[in-house]
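Colleague: I would like to go through this model with you. Could we take a few sites in turn?
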Amino acid sequence: MAQLWGGRFTKETDQLVYNFNASISFDKKFYQQDIRGSIAHVTMLAKQGILTEEEKKQIIGGLQGILKDVQEGRLEISDKYEDIHSFVEANLIDRIGEPGKKLHTGRSRNDQVALDMKLYTRDEILEVDALLKSLLEELLKIMEENLDTFMPGFTHLQKAQPITLAHHMGAYFEMFKRDRSRMADIYKRMNTCPLGSGALAGTTYPLDREYTAELLDFDSATLNSMDSVSDRDYLIEFLSALSTIMMHLSRFSEEVIIWNTNEYQFVEIDDAYSTGSSIMPQKKNPDIAELVRGKTGRVYGALMSMLTTMKGIPLAYNKDMQEDKELTFDAIDTVKGCLALFTGMISTMTFNKNRMEDSAKNGFTNATDAADYLVNHGVAFRDAHGIVGQLVLYCIDKGISLDEMSLEEYQKISPVFREDIYEAISMKTCVEKRTTIGAPGQEAMKQIIAVNKKYLEEN
């Protein structure tokens, strides 16, 4: 078909070149944003007297008709058009004739695509944020239900000190809460309207750019037309934030995978989020957690691609920037899918509380508290550390935990120990006496849960 820009050219574009250049196969995702931007542009043109009220009415009516027909399946976005802007404009001209040719007055495809990408990204930020909130709500529920579910806390994947499941989940709550704050931060910084910047140097038409920005719910118009059409910082920031979300999901997935092993048996993943083996009937594989972990690299790839595309581009617009779309779309879809599935998985997962507590006991996570006991009874900490080291070696040799040692066995290693050692090293005592803000003690955790509940109500 004839191109909207074809007047300058005397020779048909080679089909292979045309296909390579075209973006309709992926920027058709923009059709709603493109039409919304065009309606705002036409409304502003009429306000400024550049179009008549009748022309405005005809153009907006035509655009709304195209939108409805696409949404209801009566009009297909075909690859015979170069991009979504050409599709909308060509169909508008077919429908309403001459007034349709005035749609592009005071506008370039450069500021048009910059607007569409911003509108699309802004919508997607809100969707990702909503999914993060759903995940946080599920985490808070698990926290509320597991204030006294004791388990080992780890460093270096070695059992370290006893904590609770509520405390462990609280760590992920903080991570995903920061992810939400990044969404809000990016939205605020990117919320300026590029429309009216033209190809790079504005336009001679008396546009009211602030009015256009207001119609499209932007805080203001952009302040430099060259930057407006060549800025993709907000996409790099968004992809960086999406990569951080995936990193958090991947860490969490790794733990679910470990907890699901026969060696740990901390969790039972619901059948809906697991699969079996084609030859081993005993297997129940944590496929969703593994796929989330695996797809993290895919999102990282989109970020690196975008950074690499933008690093050598001179001002202002260059065709390289068309590469901002496909991988970004894929990254957004990947993150949204992972968030939804991961939330479903943890909401249906059951926790083996007895197994978790036994693991904490058998891993000597209360050894530090045994040392503190000795210190509180007048033993120097360095000496106490050595005594408890002997206790642990003794238990390993006997195949028992510190809780299972007799008082006689304790006193053979140090006469300082008394009957109250058992209370001092119980999982409950070890956890409950840690009451500073951020610690796993129940009173401290109740305060944090109240803070988190208020946060979700207000955000």
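Colleague: Where is Asp-320 found?

Modeller: Asp-320 is in the loop between helix 11 (287-310) and helix 12 (326-348); helices (H or I, at least four residues) and strands (E, at least two) are DSSP runs numbered from the N terminus. This is a predicted model, in which local features need pLDDT of at least 70 and side-chain atom pairs count only at pLDDT 80 or more, while totals for chains, interfaces and linings use all residues. Residues are numbered from 1 along each chain as its sequence is written, and side-chain values use heavy atoms, with hydrogens and water left out.

Colleague: What is Asp-320 in contact with, leaving aside its neighbours within four places in sequence?

Modeller: Thr-309 and Ile-313, where contact means heavy atoms within 4.5 Å.

Colleague: Turning to Asn-191, is it buried or exposed?

Modeller: Asn-191 is buried, at a relative accessible area of 4% (buried is under 20%, exposed over 50%, partly exposed in between, with a 1.4 Å probe and protein chains only).

Colleague: Which residues does Asn-191 touch, not counting those up to four places away in sequence?

Modeller: Asn-191 touches Arg-122, Asp-217, Phe-218, Asp-219 and Ser-220.

Colleague: At what angle do helix 6 and helix 10 pack?

Modeller: Helix 6 (residues 109-145) and helix 10 (residues 233-259) pack at about 25 degrees, their axes 11 Å apart. Axes are lines fitted to C-alpha atoms over the stretch in contact, and angles run from 0 to 180 degrees between N-to-C directions.
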